[in-house]
Amino acid sequence: MFDSKPHAAHWGYFEALVKGGRVVGARGFGADPHPASLLESTADAVHSEARIDQPYIRRGWLAGRRRGALRGGDAFVPVSWDEVTRILAEETARTRAEHGDTSIFAGSYGWASAGRYHHAKTQLQRFLGMGGGFTSSVHAYSYAAAQTLLPHVVGTNEILLGRVTDWHAIARYAKVMVCFGGLAAKNGLVNSGGAGRHDYKLLMQRARQAGLRFINISPFQGDTEAELEAEWIPIRPGTDAALMLAMGHVLIDSHRYDEGFLSRCTTGFEQLRDYIMGEAEDGIAKSPEWAERITGVPAQRVRQLVLDCTVNPTMLTAAWSLQRADFGEQPYWMLIALAAMLGTIGKPGLGVAFGYGSINGMGTPRQELPAVAGPGIRNPVSLSIPVARITDLLERPGEMLDFNGQQIQLPDIRMVWWAGGNPFHHHQDLNRLLRAWSRPETIVVQEPWWTSVARHADIVLPATTTLERNDIASSSRDRFVGAMHQAIKPVGRARNDVDMLADVADALGFRDRFTEQRDERAWLRFMYDRWRQACLPMGFEAPEFDRFWRQGHVEVPEPDFGEEYTQFADFAREPEEHPLDTPSGRIELFSETIAGFRYADCPGHPAWIEPREWLLAPRARAYPLHLLTIQPATRLHGQLDTGRVAAADKIEGREPLLLHPADAKERGLEAGMVVRVYNPRGACLAGLRLAPGLMRGVVAMATGAWFNPEVPGQPGSLCLHGNPNVLTADIGTSSLGQGPSAQSCLVQVERWDGPVPPVSVHAPPPLEGRPVARAPARPAGT
Ligand SMILES: Nc1nc2c(c(=O)[nH]1)N[C@H]1C(S)=C(S)[C@@H](COP(=O)(O)OP(=O)(O)OC[C@H]3O[C@@H](n4cnc5c(=O)[nH]c(N)nc54)[C@H](O)[C@@H]3O)O[C@H]1N2
Ligand SMILES: Nc1nc2c(c(=O)[nH]1)N[C@H]1C(S)=C(S)[C@@H](COP(=O)(O)OP(=O)(O)OC[C@H]3O[C@@H](n4cnc5c(=O)[nH]c(N)nc54)[C@H](O)[C@@H]3O)O[C@H]1N2
Ligand SMILES: [Mo]
C-alpha cells in the first residue's frame, strides 16, 4: 500500500506516492485533464545517485587555491554542517569587511522549485540582504530583451508576462492567428510556481474548432501540433523583423493601414513609415522582395499573408525565443507596430501579445487575483546587472556596461553565492564562463543534486527537494494554489535552504530577524492568510488555512462565460482617459527615449539589423548550420535530467540533435549516430535524429543535458553529453536589453568516429574518502 501526499512542481500538481520512507511515484492531479509526463521522473530525481549527501568543500579551496583557480576539476572534501556554517559566516563577514557588500554576487538566477516559502533564491537574497546587501541581477533569461523594451513601447510588461487577451476571446473573435515561432505544445508542460491544469492544448484546439486558422512562421514545422492544421511558413532564424517590416511595407504601399488608430493611439508612425518606405537615411525600401533575400520567404507569400491579416480579424503573437537572439528587441517592437497598423489592438480577441506558446497559463482565462507571496527581501545595495551579463561582471571589474540608458560600473566580485539556479545550465558560451568563474575567491552553491553548478563550486550545501518539506505552490498565471505536503524525511544529510541560512544568520547574530521567529508551519499559515485577505476585496473568499491544507489545494473558479478578457480594450476605446504608461501615453512606434540613448544596436524605431550569426553571415561558410537551442520536452531545463523521461529520449545517452534528412545525407550521417557539433567556441557530442519538419540549414538541440566536459575544469573540453551552451554566443541582445542571444549561433556537424566515452555527470564527482566508479568507454555505434 502507498501513502499519498498532495504536492506540486513547476510541471504540475500531483499526489506523491510514498512507501517505506521513499517516494515511489507520482499520480497526476485529479482536476488536471492532461498531467505532464514529466511526473514519471519524480522518484528517479528524488532518489537519484546524483543527490548530494552532505556538505563538501573543494580540496583546492581548502589548500588556498581560490582567486584565479579554474573550478570544476578538484575533488571535494566532506565537512560537517557545524564546520561549514562557521566557515560561511567567517567568509561572508571577511568578504564584506575587506571588499564591501557589492563584492558579493547573489543575483542567483534560476527557477528553483515551485514552493513559495522554501524558494531558494528568495531565502538567499533575504539572508544576504539582512547581512548588509549584495550585487544582484534584474530580468530573466526568458525574455530580458523584451522586459527592457516593452515598457518604453506600451508602458507595461503585461503583454509579455501577465494577463493577456485570453483564449476564449481569441476563439470567439479572431479568424486568423499568426504565430512567429509557433505555439510549441511542449512548453505548456510547465509554469513557474506550478500549473494546476494543463489545458493549453485544449484551449488551442477549441479555438481551432471555432474556426481559427493558425499560421506558423518558424524554421520548425513542429512548433504547432498537427491538430491545429497550421499553415507553415518556413523562415530563416533571426530574420523575423525583416518579414514584419515587409508586411508593414505592403500595408503602407496599398494604403490598407488603420490611420484612425495610428493617429489616436500611437506616436512616431511617420518615422517608422519613412524607414520602411526607404525615405530614411539608409534609403532602402523594406519591400517583400527586399525581405525575401533575407528571410527566404517568397515576396508573394508575404503579400498573401498581409491580405489574410487585413480581410480577417487577426491575432498576432511571437514566441519568447525570438527575442533571445541578436537584436531580439526588434521583432517584438515591429510586431506591435504591425498590430497598430492593422488597428486591432484592444479589439475583442485581436491585437498582439507574446508567449501564448511559451509557458502554461498564457491566455488561460482567469480572474485577476494576486499569487501567494513568500517572505520579503530588502537589499541595501542598489547595484544590479542585467541578468545575462554574468560573465562580463566577473571578467571586467571596474568597466562600464551600457544598459537601458544607464551606465553600470561593474563591481569587483569576490564571492558568488547561488541557490536554486544553474549558470552552467542557463548561461551561454560555457567555456568563457568557466574562465571568468575563476575570478572570485569563494563560490557557494546550495543544490539538491551534483548539477554542473555544484561541481563548479567551492562550498557545496546539500538542499532538500520539495518532497522533503512542506510548502505552498502558487503563480500569478494559475488558478490553483497548492498545498505541498512533506512526503519523506530529508535524503542523506540534506537540509532546507532556509534552515541552513538561518544557522549562518545565527552565527552572524541575526537569526531572529531572518526567521521572524516563525517556523515552517507558521510561515505557511502567515503567507496563506495574507493572500486570503488580499483576495477578499477582489471578490474571492478562499477557505481558511486548515481546510486548504487538508484539501490539498484551492481552486479559483474560472471567470463566467461571456467575460472574455481583451488587453488594452479601455485604452483603445478612450486613449485620453486610459493612457498607457509611456512618455506620450500612447504606443510608441518611435521612442524619443530610446533614440536619445543613441545606441547603434537599438535605434528609436523598429529596424532590421543584420545579426552577428545567421545563415547569410560570412561565418556561415565554415559553420553552415544555424543551431536553435530549444526548451526540452522531457524535463525542465536541467531539472529531471536524471529521470527516466529524459533518459528515454536520448540517443546513446546523448542529447538528440535534430537535422534535416538532406543535410544529414550531405554529410554521410544517419539517424542514431553519435555526432560532434562544433564551432570556434566549443564542441559537444549529440545523438542524431532526423527531422523533416526543420528547414534545411537549421539544426535544433534542447537545452538541459548536464554539462559533462571530458576533462572537468579545462576550458574548451568536449562536452560528452550534449549541453548546447558550449556552442552559443555570450553577447547581449543590444545595449538596451542586454538579454541573452542564444538563438544566434552557427555550428558545423560531423560524424564522431572516436570512442564514445560514458556520460559521467549523473554520478557524483570525485569525493575524498570514496572510490570513484568509472565505466569503460565504448566504441561509437555500439
Ligand atoms: N542556449 C540556451 N540557453 C538557455 C535558454 C535557451 O533558450 N537557449 N533558455 C534560458 C531560459 S529561458 C532559462 S529560464 C534558463 C533556465 O535556467 P535555470 O533556471 O538556472 O535552470 P534549472 O535547471 O531550472 O535550474 C534550477 C536549479 O535549481 C535547483 N533547485 C531546484 N529546487 C531547489 C531547491 O529547493 N533548493 C535549491 N538550493 N536548489 C534547487 C535545481 O536542481 C536546478 O539545478 O536557461 C536559459 N538558458
Ligand atoms: N517542457 C518544458 N517547457 C518549458 C521549459 C522547459 O524547460 N521544458 N522552459 C520554460 C521557460 S523557462 C521558458 S522561458 C519558455 C520558453 O518558451 P519559448 O521561447 O517559446 O521556447 P523555445 O522552445 O525556446 O522556442 C519556441 C520555438 O521558437 C522557434 N524559433 C527559434 N528561433 C526562431 C526564430 O528566429 N524565428 C522564429 N520564427 N522562430 C524561432 C523554435 O523552432 C522553437 O521551437 O519555455 C518554458 N517551457
Ligand atoms: Mo525561461
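Tutor: A backbone N or O atom of glycine 238 lies 2.8 Å from an oxygen atom of ligand 2; a polar contact here is a pair of N or O atoms within 3.5 Å. The model is predicted, so that local features need pLDDT of at least 70 and side-chain atom pairs count only at pLDDT 80 or more, while totals for chains, interfaces and linings use all residues. Residues are numbered from 1 along each chain as its sequence is written, chains are lettered from A and ligands numbered from 1 in the order in which they are written, and side-chain values use heavy atoms, with hydrogens and water left out.

The backbone also contributes at isoleucine 217, where a polar backbone atom is 2.9 Å from a nitrogen atom of ligand 2. Arginine 324, by contrast, uses its side chain: a polar atom of that side chain lies 2.9 Å from an oxygen atom of ligand 2. The protein covers 98% of the 920 Å² of accessible area that ligand 2 has on its own (Shrake-Rupley method, 1.4 Å probe). Around ligand 2 there are 29 residues, each with a heavy atom within 4 Å of the ligand. Of these, Lys186, Asp223, Asp240, Ser321 and Ser358 come nearest.

Elsewhere in the model, phenylalanine 354 touches Thr317, Ala318 and Trp320, among others, not counting residues up to four places away in sequence; contact means heavy atoms within 4.5 Å. Tyr332, Leu335 and Ile336 are also among the residues that phenylalanine 354 touches.

Terms used:
A polar contact is a pair of N or O atoms within 3.5 Å; within protein, one must be able to donate a hydrogen and the other to accept it, and residues adjacent in sequence count only if both atoms are side-chain atoms.
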